[in-house]
Amino acid sequence: MEEDQKFLHGTLEATIFHATPHTPVSHFNCWMAGGKAAYVTIMLNRRKVAKTSPELNYVWNQKFQILCAHPSDSTIIISMKTKHSILGRIRIEARQILNGSSCINGLFPLNKEDGKPNMELRLHFVLRFKPARLMSSWNKLLNHGEYEYQGLKTATFPIQSNCSVVLYQDAHQRSDFRLPFNLPARDPRKLWEDVYKAIEGAKLLIYIAGWSFNPKIELVRDSETKLPYALGVQLGDLLKSKAEDGVAVRIMIWDDETSLPLIKNKGIMNTSDEDAFAYFKHTKVICRLCPRLHDKLPTVFTHHQKTITVDIQSHHSPLDREIMSFIGGLDLCGGRYDTEEHSLFRTLNTRSHCRDFYQSNINEANINKGGPREPWHDVHASITGEAACDILKNFEQRWSKQSDPSLLVSTTNTITITPSQSHNWRVQVLRSIDNTSTTHSYKKFNTERSIYESYVEAIRRAERFIYIENQYFSGGCHMWERDKHCGCTNLIPVEIALKVVNKIKARERFAVYIVIPMWPEGVPEGEAVQDILHWTRETMAMMYKLVGEAIKENGQQGHPTDYLNFFCLANREEMRRGEFIPPCSPHPNTLYWNAQKYRRFMVYVHSKLMIVDDIYLLIGSANLNQRSMDGQRDTEIAIGCYQSKNGEKGTSRGDIHSYRMSLWYEHTKQGDELFKEPHSLECVKRMRSMGDQMWKFYSDERVVIDMEGVHLVTYPVTVTEDGFVEELVGSDGNFPDTKAKVKGQRSKVLPPIFTT
């Protein structure tokens with residue numbers, strides 16, 4: 001076997017046509033199978049990856065695109081079944097596809113339980129394998145391709161042209177935020193102020209979908225705002241006012257069914273869903289609590305989409321209205337308002353946080369005991385054009401499934417789409433969702449996983465670098481050392497590792513930067529947090545092992561961190577005159593006490609973002625874990641997009657490139673020219689060196705060192721030349737100020753489906 005065939009890496013296209021009529025051989029089999037609808041399943045290494053619908057006539061004619069990133073000794077099993085029995089199966093080794101023809105086509109006898117072929121029962125199917133390495137890069141596809149990119153075909157919504165996209169980082173940028181690069185000048189972007197203006201200007205509709213929603217938050221808090229009249233205005237009052245004016249205000253919040261009066265409606269996730277519902281009772285705002293319906297675990301999974309859709313004045317005519325939609329990681333709730341400074345203590349007596357103190361990682365934390373607050377880094381986007389209308393349609397489909405569709409307003413004759421020079425984006429709306437949560441025009445619609453499929457496609461088309469910010473990062477459990485059958489089967493981490501491996505083999509430069517939080521939100525020693533950290537460590541170990549092996553096997557000099565690096569964000573502040581002085585103090589020798597003593601805390605990374613080659617961008621509500629990528633767990637929404645040249649074929653990396661540079665400036669406070677070539681080894685080493693140095697500043701207990709706005713720190717692990725992930729030399733294996741293990745610990749209580 002050739003070296004590049006060490007993995008079954010690509011897309012397996014399986015088409016199931018029909019089976020020959022089956023004649024039962026006994027009365028028992030007749031009762032079990034006769035007259036029963038049959039279906040076909042495809043298993044890859046014991047995991048079901050495809051299933052046809054049940055059909056009485058044994059004719060299916062159904063096609064499946066199966067994403068593969070598996071060892072070459074994997075096994076594919078195709079089985080024909082009824083509800084009560086297995087009629088037969090056929091086993092195919094992955095090597096048959098890799099070593100022989102990439103296409104298997106025929107009418108094959110299925111084997112009985114004893115392994116012998118049943119010549120009376122044959123199944124007609126075709127397997128075609130398309131290696132990932134043959135996919136065109138984004139640069140080649142979009143700038144030099146013969147045909148225009150058609151987007152992901154399995155998504156409900158098509159890719160849309162003539163769209164406009166504005167990219168935001170954090171809920172607010174200070175007025176003095178300026179990039180030091182030679183990039184197109186623009187004003188700082190103020191997401192929540194733009195949301196306020198959009199809601200304020202709506203004439204027809206305001207549709208909000210969220211995981212959490214707090215009507216008492218204030219969107220405008222900056223004393224230098226251009227909307228001084230909005231200071232102090234609560235979101236709920238604004239929405240009630242618009243509803244009184246005749247605007248259709250519809251709010252759809254995830255119903256956390258653990259929110260009970262017995263625990264003051266807090267719920268396990270503390271989303272305030274019942275409080276929000278009660279707030280809008282007896283008003284013209286219609287708020288609905290929508291549970292995430294699930295056959296087996298109805299209280300475990302969530303509606304995690306975060307969208308705001310309003311009508312705005314058309315840029316083409318003041319008499320016309322068009323749709324604007326916001327999408328990303330930020331819910332309209334407490335604790336989300338932050339700026340690029342991510343202060344811990346200095347804003348507690350300002351309008352920003354004096355009435356919005358949020359700290360979910362420390363038991364009994366509150367404003368009276370003082371900081372640190374939990375800094376919140378997030379990303380978001382606004383869209384106009386047809387893609388904004390697709391986000392509207394997603395809301396309508398979800399609302400119609402779980403509420404009264406007659407409460408929605410028709411936009412058929414009131415909305416116009418008029419392209420302009422700024423509408424030079426191509427955008428596709430992507431989802432993780434199933435038929436329990438949305439209406440659909442397809443009769444056989446079951447589950448959509450287009451976010452996951454787009455992530456895999458985007459990685460496979462990467463040519464130079466990948467930049468990721470995400471709240472979670474786990475997947476590829478079939479390649480882990482342990483817990484191979486925990487169900488965390490999404491292939492995204494494996495795809496990234498194999499992309500690096502293939503670049504090493506080709507002796508081409510490639511770099512991956514992954515920014516995650518130090519630990520998942522919650523008390524770091526807690527059962528769920530430690531469980532998730534365990535999955536993250538298993539994922540990192542798998543990836544670095546593959547990269548380390550590739551360097552060694554190809555006889556190259558280098559280190560795995562020359563290609564792949566994990567970072568997190570943190571802050572440390574010296575005390576300044578005029579800071580808030582809390583009237584109470586936390587208990588000594590606790591995380592709270594230590595965090596105050598050393599004046600430090602992590603910046604919580606809640607982003608859901610991937611940038612590939614500064615050409616293609618994915619942004620939305622979906623985390624990089626099984627819950628978000630599965631389609632039958634949490635519901636999610638995202639967009640995949642790129643910017644085209646005005647009136648010309650090809651792409652402009654302008655806004656996406658500028659956005660990444662802006663994020664890197666926020667994290668590093670540096671305008672290094674090396675950042676313009678993120679794939680280069682020099683850039684990787686610069687970022688790594690900076691992260692290492694800032695971790696030393698952050699973790700030093702001898703003296704409080706102000707990090708002066710530099711937040712990027714290397715994730716606290718050591719990676720060896722062979723690709724083994726170990727604890728930092730000289731550390732106790734815990735995060736600073738805590739007793740929480742960096743490597744996490746597998747829970748003895750929680751099933752994996754809860755935390756993967």
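Leaving aside its neighbours within four places in sequence, which residues is Leu-235 in contact with? The tour starts with the whole chain and then comes back to this residue.

**Whole chain.** Show the protein chain as a cartoon; the model is a predicted one. Coloured by secondary structure, the chain displays 28 strands and 15 helices. Its radius of gyration is 27 Å, close to the 27 Å that the globule rule gives for 756 residues, so the chain is as compact as a globular protein of that length. Along the principal axes, a box of roughly 85 × 65 × 60 Å holds the C-alpha atoms.

Of the 756 residues, 60% are buried. Among contacts with a separation of 6 or more, 74% join residues 24 or more positions apart.

**Charges.** Select the charged side chains: 94 are positive and 90 are negative. The centres of these two sets lie 4 Å apart.

**Leu-235.** Now select residues 235-244, which form helix α5, and pick out Leu-235 within this helix. Leu-235 has a relative accessible area of 1%, under the 20% cut-off, so this residue counts as buried.

Show the side chains around Leu-235 to settle the opening question. Beyond its neighbours within four places in sequence, Leu-235 is in contact with Ile-199, Phe-213, Asn-214, Pro-215, Ile-217, Leu-219 and Leu-332.

**Last stop.** Select Leu-750, which is 515 residues from Leu-235 along the chain. A distance drawn between the C-alpha atoms of Leu-235 and Leu-750 is 37 Å.

Conventions. Residues numbered from 1 in each chain as written. Predicted model: local features only at pLDDT ≥ 70, side-chain atom pairs only at ≥ 80, totals over all residues. Heavy atoms only, no water. Helix = DSSP H or I, 4+ residues; strand = E, 2+ residues; numbered from the N terminus. Rg over C-alpha atoms; globule rule 2.2 N^0.38 Å. Buried < 20%, exposed > 50% of the residue type's maximum accessible area, 1.4 Å probe, protein only. Contact = heavy atoms within 4.5 Å. Lys, Arg positive; Asp, Glu negative; His and termini not counted. Charge placed at Lys NZ, Arg CZ, Asp CG, Glu CD.
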